[in-house]
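Morning, everyone. I'd like to walk you through one model today, piece by piece. Have a look at it first.

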Amino acid sequence: MNYQARDSNKELPVENGTPDLPKFAVLQLSGCAGCEVSLLNTSDWVDKFQLVYMPLVVSTHHIPDDVQVLLVSGGVSNAEDAYNLRQAARKVKKVIAVGTCAISGGVSNLGDRDDVRELFLSRYDRINLPRLLAKTHPVDAFVDVELYLPGCPPTPELFTAALTDSRGFKAAAIVCAECRRQKLANMRPKHLTGFRHGSVLPDVCLINQGFLCVGTSTRGGCRAICTRPGHPCVGCRGPSNLLIEKGSAVWLENIQRVFEHMTDIPADELNEALRSPQLSMFLFQFSDYAGGDRPPRSKDKVL
Ligand code: SF4
Ligand code: SF4
C-alpha cells in the first residue's frame with residue numbers, strides 16, 4: 001500500500017515498502033491530528049524513512065517490532081493514551097514528542113479544567129469510554145523522550161529535521177529573529193488591541209500596534225508564519241533557549257519587561273491578558289501541565 005505526499009509525486013513507502021530504510025511510526029494521543037497533517041505536508045523524509053504506522057493514513061493495527069523512531073503527538077488524557085504510549089515506547093529505539101500537546105499543553109490542556117471534567121463525567125452514557133485521568137500529562141511523564149519538537153503544529157521542515165538531521169538544525173533564538181517587522185521606539189500603545197480589532201500595519205512590530213505578541217521570548221524555528229501575516233505569537237514553540245531551563249515565572253517576567261519597555265499598557269491589563277485561559281492554552285509554562293515540580297527540560301533536547 002502506498003500514499004502520495006501532498007506536495008510531491010514521490011510515494012510514501014509504508015508497510016511492505018523498501019525494507020532497507022529505517023522505520024518510523026506515529027502515535028496519536030489526545031490532540032487534534034494537526035501534527036500529523038503537518039508531517040504529511042513534506043516529502044523530504046520519504047527517501048530516508050519508511051512510515052509503518054500512523055492510523056490517520058496507514059491501515060495497520062499495530063506497531064511492528066523493528067521500528068527505530070516513534071513520533072508521539074497529543075497529551076496523555078486517559079487510561080488508553082497511557083497504555084498505548086507505554087506499549088509503543090517499549091518497541092522503539094527513540095521517542096520524539098511532537099507538538100505542544102505532547103510536550104506542554106495546547107489543546108489537550110483545555111480538558112484540565114473542573115468545569116470541562118464535570119461536564120464530561122456528568123453524561124451517564126460515557127460508560128464505554130476510557131477512564132479519564134485526573135489531569136492531562138505530557139508524554140515524558142510516562143516514557144523517556146530523546147527529542148522534543150515543539151510547535152502547534154511543528155512546521156514540515158521541523159519534522160524533516162527531527163527525522164533526518166536534528167543535530168544539524170539550528171532554530172532561530174526567538175520568533176522576532178525570523179519576523180521582519182520593525183520595532184519602533186516612538187509608537188507606544190496605551191492599551192492592548194483586541195485580537196480582531198482594526199487593521200494591522202504590514203511592517204511594524206505587533207507590540208507597537210498593541211497586540212499581545214510573545215515572540216520576543218518564544219523559541220524560533222517556525223519561520224514566524226503567524227506574525228508575518230499579522231497574527232500575534234502565542235508561544236506554541238515554548239520558551240527560548242535563554243529561558244527554557246528556568247522557571248515559568250522568569251518567562252512571564254521577561255514578557256512583562258518587554259511590554260514595559262515598548263508600551264504604556266498598564267501592568268494589570270497586561271497580566272490579566274497573559275493569564276487568560278485562551279492564551280495560557282499555549283503558554284504552558286503558566287499552567288501546571290508539565291507537572292509542577294518536574295525539572296525543566298534540557299535545551300539540548302529541544303529542536
Ligand atoms: S500540538 Fe497543535 S496541531 Fe499538534 S495535536 Fe496539539 S493542537 Fe493539534
Ligand atoms: S511582531 Fe512579535 S515576533 Fe514580530 S518582531 Fe514584534 S514581537 Fe517579535
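So, A134 sits in strand β8, residues 132-137; strands here are DSSP runs of E, at least two residues, and helices are runs of H or I, at least four, both numbered from the N terminus. Before I go on, the housekeeping: this is a predicted model, where local features need pLDDT of at least 70 and side-chain atom pairs count only at pLDDT 80 or more, while totals for chains, interfaces and linings use all residues. Residues are numbered from 1 along each chain as its sequence is written, and chains are lettered from A and ligands numbered from 1 in the order in which they are written.

Back to A134. Is it buried or exposed? A134 counts as exposed, because it has 7 C-beta neighbours inside 10 Å. The cut-offs are 20 or more other C-beta atoms within 10 Å for buried, 12 or fewer for exposed, and partly exposed in between, with C-beta atoms placed from the backbone. G111 is 23 residues away along the chain, and its C-alpha is 9.7 Å from that of A134.

Next, helix α2, residues 79-91. Its 13 residues reach 19 Å from first C-alpha to last, close to the expected 18 Å, that being 1.5 Å times one less than the number of residues. Which residues of α2 are buried? They are D81, L85 and A88. Down the axis of α2, these fall within an arc of 75°, so they line one face of the helix; the arc is taken over the directions from the helix axis to the C-beta atoms. As a reminder, an α-helix has 3.6 residues a turn, so residues three or four places apart point the same way. The buried residues of α2 pack against β3 (23-28), β5 (69-73) and β6 (76-78), with contact meaning C-beta atoms within 7 Å. On the other side of α2, R86, Q87 and R90 are exposed.

Now the ligands. Around ligand 1 there are 13 residues, the closest being G31, C32, G34, G99 and C101; near means a C-beta within 6 Å. α1 (34-40) and α3 (99-103) each supply at least two residues of that shell, and α3 has the largest share, three residues. The ligand 1 shell splits into six nonpolar, seven polar and no charged. For ligand 2, 13 residues surround it, with C176, C179, C205, C213 and G215 closest.

Last stop: S248, in helix α7, residues 248-262. S248 counts as partly exposed because it has 17 C-beta neighbours inside 10 Å.

Notes: Two residues are in contact if their C-beta atoms, placed from the backbone, lie within 7 Å. Ala, Val, Leu, Ile, Met, Phe, Trp, Tyr, Cys and Pro count as nonpolar, Asp, Glu, Lys and Arg as charged, and the others, Gly among them, as polar.
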